[in-house]
Amino acid sequence: MEWSAKPGEYIPPVRCPQCGERQNRFSGRAGPENPVFDKIDCMVCGRVFDTEEYKGLVSDEQAGSASRMSHPN
């Protein structure tokens, strides 16, 4: 799945590298034609992610999820 931030599309939460929580906030989208957020941050500790870091964390989460599904305990 490719990362996207289109209006109405599910945006997966990612684990915060600082506190470990998966509670993200997204703000500042300019409009439906602009899929980039001005700010993505952790609701718990306030750590701000840049867009590229967030995309990388989503990829890591998806890779881990795929690995768990193909190799269940």
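Before I start on the sheet: two strands pair if DSSP finds at least two bridges between them. I kept that beside me, and also that this is a predicted model.

**Entry: confidence**

I looked up the scores before anything else. The protein chain averages a pLDDT of 77, and 64% of the residues score at least 70. Helix α1, residues 51–70, has the lowest confidence with a mean of 78, while strand β3, residues 48–49, has the highest at 92.

**Entry: the sheet**

How many bridges join β2 to β3? I found two, and these strands run antiparallel. One pair I noted is Asp41 opposite Val48 in β3. Another is Ile40, whose bridge partner in β3 is Phe49. β2 and β3 form a hairpin with five residues between them. In that turn I came across Gly46, with a positive phi of about 85 degrees.

Next I went to the other side of β2. Strand β1 (residues 24–27) pairs with strand β2 (residues 39–42) over four bridges, again in the antiparallel sense. Here I see Asn24 standing opposite Cys42 in β2.

**Entry: Asn24**

I stayed with Asn24, which sits in strand β1. Is Asn24 buried or exposed? Its relative accessibility is 11%, so I count Asn24 as buried, the cut-off being under 20%. Its side chain reaches the backbone nitrogen of Val14 at 2.6 Å. Leaving aside neighbours within four places in sequence, I listed the contacts of Asn24: Pro12, Pro13, Val14, Asp41, Met43, Phe49 and Tyr54.

**Entry: cysteines**

I went looking for disulfides and found zero in the structure. Cys19 is in no disulfide either, and its nearest cysteine sulfur, that of Cys42, is 3.6 Å away.

Cys16 has a relative accessible area of 2% and is buried, whereas Cys19, at 32%, counts as partly exposed.

Note on methods. Residues are numbered from 1 along each chain as its sequence is written. This is a predicted model: local features need pLDDT of at least 70, side-chain atom pairs count only at pLDDT 80 or more; totals for chains, interfaces and linings use all residues. Side-chain values use heavy atoms; hydrogens and water are left out. pLDDT is the predictor's confidence in each residue, from 0 to 100. Buried means under 20% relative accessible area, exposed over 50%, partly exposed in between (1.4 Å probe, protein chains only). A polar contact is a pair of N or O atoms within 3.5 Å; within protein, one must be able to donate a hydrogen and the other to accept it, and residues adjacent in sequence count only if both atoms are side-chain atoms. Contact means heavy atoms within 4.5 Å. A disulfide is a pair of cysteine sulfur atoms within 2.5 Å.
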